Amino acid sequence: MIFFNSDYLEGAHPAIMQRLMETNMDQSVGYGCDPYCDTAREKIRAACQAPDADVHFLVGGTQTNTTVIASVLRPYQGVLSAVSGHINCHETGAIESTGHKVITLPSDNGKITAQQVEEYVKWQKYDESSEHIVQPGMVYISHPTEGGTLYTKEELTAMYEICRKYELPLFVDGARLGYGLTADSSEMTLPELARLCDIFYIGGTKVGALFGEAVVIMNPALKKDFRCFMKQRGGMLAKGRLLGVQFDTLFTDDLYFKIARHANEMAYQIRDIFVSAGYQMLFESDTNQQYPIMPDAELEIIGKEFGYEYWERTDPTHSGVRFCASWATTQENVDALRAAVHALKK
């Protein structure tokens with residue numbers, strides 16, 4: 001079997017494993033106060049061109065989302081999100097377990113707009129039952145989205161302006177940020193994204209690390225006591241240097257962006273395989289996630305050799321599925337998929 005289910009099926013990039021082995025017997029203080037985390041922080045600040053940013057390392061995406069959101073919101077507030085947002089669909093009510101509501105906005109491509117945010121804020125503010133309705137306290141978006149789509153610079157700029165107008169911190173989930181920034185259609189660099197939000201994270205788990213996410217806090221008002229929130233939410237890893245070593249490696253010689261670009265290039269081939277064979281795509285994704293719509297009968301055949309992620313039913317006999325590339329996807333993997341898809345059409 002060759003698995004295209006997701007981008008975290010392998011362990012970690014060999015450079016990270018080598019560095020972890022090289023530093024294995026080193027002694028250091030815990031909880032992210034070690035020299036490796038310090039060096040990684042400086043490299044991330046430099047990459048973001050944000051010398052005053054706070055950088056914190058957590059283990060996984062759900063833990064990061066719950067910690068960040070709980071640290072920002074007041075008890076009576078909720079977080080605005082696309083209905084397809086990860087915090088709404090794939091985190092088992094983790095946000096709600098913190099006492100906060102996910103306030104969903106409709107979306108057919110994973111993105112929400114500045115206009116949607118403004119309309120909801122005005123509705124809640126001026127409704128006669130305003131004080132009886134959960135108040136929007138921040139905005140959550142993903143870049144890339146769950147469907148692999150990207151915000152344009154214009155869209156993100158408009159969103160950030162609306163968020164500042166209504167004093168709503170903008171939080172960008174960057175679990176797959178590397179793939180978004182290195183996509184052919186990307187309009188943003190890492191420094192530009194950093195300037196267009198209040199807080200975001202650089203995903204490592206899905207972009208070559210064994211585990212780990214790097215939270216970057218741009219807004220000074222959100223920095224105070226963030227480590228206390230980390231500890232309270234179980235996000236302060238005792239052996240924090242394991243995170244520092246990984247992000248230090250990822251941000252040495254542009255490794256993070258190089259491996260993300262490789263995954264995108266493999267994904268573009270996967271997209272071309274299905275498009276050239278006549279399949280429609282569920283989303284117009286320009287990242288490492290590709291979503292062909294296939295007959296269920298053909299999925300049963302191809303599923304005997306290849307793993308994929310089931311996404312949604314599109315009609316009684318067809319389904320949208322996800323094929324995902326990663327740093328470890330090889331040309332041989334892609335060629336094998338190409339042969340199998342072409343065989344379906346014979």
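1. Let's start with a helix pair. Helix H6 (residues 114–126) packs against helix H7 (residues 153–165) at an angle of about 20°, and their axes are 8 Å apart. Angles under 35 degrees count as roughly parallel, so H6 and H7 are roughly parallel to each other. Please keep in mind throughout that this is a predicted model.

2. By class, the contact of H6 with H7 has five nonpolar residues, two charged ones and no polar ones.

3. H6 turns up again in the second largest pocket, where H6 and strand S5 (135–142) each supply at least two residues of the lining. This pocket has a volume of about 240 Å³. Its lining consists of Val-72, Gln-77, Val-121, Gln-124, Lys-125, Gln-135, Pro-136, Gly-137, Tyr-166, Glu-167, Leu-168 and Pro-169. Sorted by class, the lining of the second largest pocket has six nonpolar, four polar and two charged residues.

4. Now for the largest pocket, which has a volume of about 610 Å³. A total of 32 residues line the largest pocket, and Ser-84, His-90, Glu-146, Gly-147 and Trp-311 are the ones that lie nearest its centre. Those five are a handy selection if you want to find the pocket on screen.

5. Which elements give two or more residues to the lining of the largest pocket? They are helix H3 (61–72), helix H4 (86–89) and strand S12 (309–315). S12 provides the largest share, with four residues. The lining of the largest pocket divides into 14 polar, nine nonpolar and nine charged residues.

6. Helix H12 (residues 255–276) and helix H14 (residues 331–344) pack at an angle of about 5°, and their axes are 10 Å apart. The cut-off for roughly parallel is under 35 degrees, so H12 and H14 too are roughly parallel to each other.

7. On the H12 side of that contact you will find Met-266, Gln-269, Ile-270, Ile-273, Phe-274 and Ser-276, and they meet Gln-331, Val-334, Leu-337, Arg-338, Val-341 and His-342 of H14. The residues of the contact of H12 with H14 comprise seven nonpolar, four polar and one charged.

8. Is Val-55 buried or exposed? Buried means under 20% relative accessible area, so Val-55, at 3% relative accessibility, counts as buried. Val-55 lies in strand S2 (residues 54–58). Leaving aside neighbours within four places in sequence, Val-55 is in contact with Arg-41, Ile-44, Arg-45, Ala-214, Val-215 and Val-216. To give you a sense of distance, Val-55 and Lys-258 are 203 residues apart in sequence and 22 Å apart in space, C-alpha to C-alpha.

9. Finally, a loop residue. Thr-98 lies in the loop between helix H5 (94–97) and strand S4 (102–105). With a relative accessible area of 15%, Thr-98 is buried. What is Thr-98 in contact with, leaving aside its neighbours within four places in sequence? The partners are Thr-66, Ala-70 and Arg-233.

Key. Residues are numbered from 1 along each chain as its sequence is written. This is a predicted model: local features need pLDDT of at least 70, side-chain atom pairs count only at pLDDT 80 or more; totals for chains, interfaces and linings use all residues. Side-chain values use heavy atoms; hydrogens and water are left out. Axes are lines fitted to C-alpha atoms, for helices over the stretch in contact, and angles run from 0 to 180 degrees between N-to-C directions. Angles under 35 degrees count as roughly parallel, over 145 as roughly antiparallel, 65 to 115 as roughly perpendicular and the rest as oblique. Contact means heavy atoms within 4.5 Å. Ala, Val, Leu, Ile, Met, Phe, Trp, Tyr, Cys and Pro count as nonpolar, Asp, Glu, Lys and Arg as charged, and the others, Gly among them, as polar. On a 1 Å grid over the protein atoms alone, a cavity is a set of points where a 1.4 Å probe fits but cannot get out, and a pocket is an open set with protein on both sides within 12 Å along at least five of seven lines; lining residues have an atom within 4 Å of a point. Grid points are joined across faces, edges and corners, and a volume is the space filled by probe spheres set on the points. Buried means under 20% relative accessible area, exposed over 50%, partly exposed in between (1.4 Å probe, protein chains only).
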